[in-house]
Amino acid sequence: DTSAMQSAVSRSSVSAGWGSMGVSRVGAPCATPAMPCPLRDVAALAKKKGVRLIVTLECTEARGLNATPSRYTTQKNKKNTPDRLELMKYNQNLRRMTLHKEIK
C-alpha cells in the first residue's frame, strides 16, 4: 500500500513539475542526456558585452627579411589602449624575440 502511494507521488511530481522540462528543481541540468536542457541553450546564446577586442599581432622584422611572419592573436581593452598594440613575441622562423605590431 505504501509503495503504491510512493510511486504515485513520484509520478505526479515528475509530470507536473520541473522534471518534465529536463531541469531539476534547483536549476541544475538534467541527469538524462536524451532530454533537452533549456539552460544550456540559453548559455550558448549569451554575448559578451564590453570593450575588449580580439586583435592579431604580426612580426615586423620578418617582412624585411622576406621570411614568413609569425602571427599571434590576443585581446586588448580599447579604452585602456586606443593605439595599436606592440609586444615583443617569439618568432619561430627567426628563432628569436621580435617586435610584433597589431594589424587589421
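This report covers confidence, salt bridges, ring contacts and a surface patch in a predicted model.

## Confidence

The chain has a mean pLDDT of 75, with 54% of its residues at 70 or more. Confidence is lowest in helix 2 (residues 38–44), where the mean is 50, and highest in strand 3 (residues 86–91), where it is 97.

## Salt bridges

The count of salt bridges is five. One of them joins Arg71 and Glu58, at 2.6 Å from N to O. Arg71 is in strand 2 (residues 71–77) and Glu58 in strand 1 (residues 52–59), 13 residues apart. Arg71 counts as exposed, because its relative accessibility is 54%, whereas Glu58 is buried at 3%. Glu58 and Arg71 also belong to a salt-bridge network with Arg63.

Arg96 and Glu61 form a salt bridge at 2.8 Å, N to O. Arg96 is in strand 4 and Glu61 in helix 3 (residues 61–64), so this pair ties together parts 35 residues apart in sequence. Arg96 is partly exposed, with 37% relative accessibility, and Glu61 is partly exposed with 29%.

In a further salt bridge, Lys76 meets Glu102 at 3.1 Å, N to O. The pair ties strand 2, which holds Lys76, to strand 4, which holds Glu102, across 26 residues of sequence. Lys76 is buried, with a relative accessible area of 6%; Glu102 is buried as well, with 13%.

## Rings and surface

The whole structure contains zero aromatic pairs. Tyr72 does have Lys89 over its face, 4.8 Å from the ring centre.

Met88, Tyr90 and Met97 make a nonpolar surface patch of about 310 Å². Met97 lies in strand 4 (residues 96–103) and counts as partly exposed, at 47% relative accessibility.

Note on methods. Residues are numbered from 1 along each chain as its sequence is written. This is a predicted model: local features need pLDDT of at least 70, side-chain atom pairs count only at pLDDT 80 or more; totals for chains, interfaces and linings use all residues. Side-chain values use heavy atoms; hydrogens and water are left out. Rings of Phe, Tyr and Trp (its six-membered ring) pair if their centres lie within 6.5 Å; planes under 30 degrees apart count as stacked, over 60 as edge-to-face and the rest as tilted. A charge sits over a ring if NZ of Lys or CZ of Arg is within 6 Å of the ring centre and within 35 degrees of the ring normal. pLDDT is the predictor's confidence in each residue, from 0 to 100. Helices (H or I, at least four residues) and strands (E, at least two) are DSSP runs, numbered from the N terminus. Patches are made of residues with over 30% relative accessible area and no salt bridge: like charges are joined within 9 Å, nonpolar side chains (Val, Leu, Ile, Met, Phe, Trp, Tyr) within 5 Å. Accessible areas come from the Shrake-Rupley method with a 1.4 Å probe; for residues, only the protein chains shown count as cover. A salt bridge is a side-chain nitrogen of Lys or Arg within 4 Å of a carboxyl oxygen of Asp or Glu. Buried means under 20% relative accessible area, exposed over 50%, partly exposed in between (1.4 Å probe, protein chains only).
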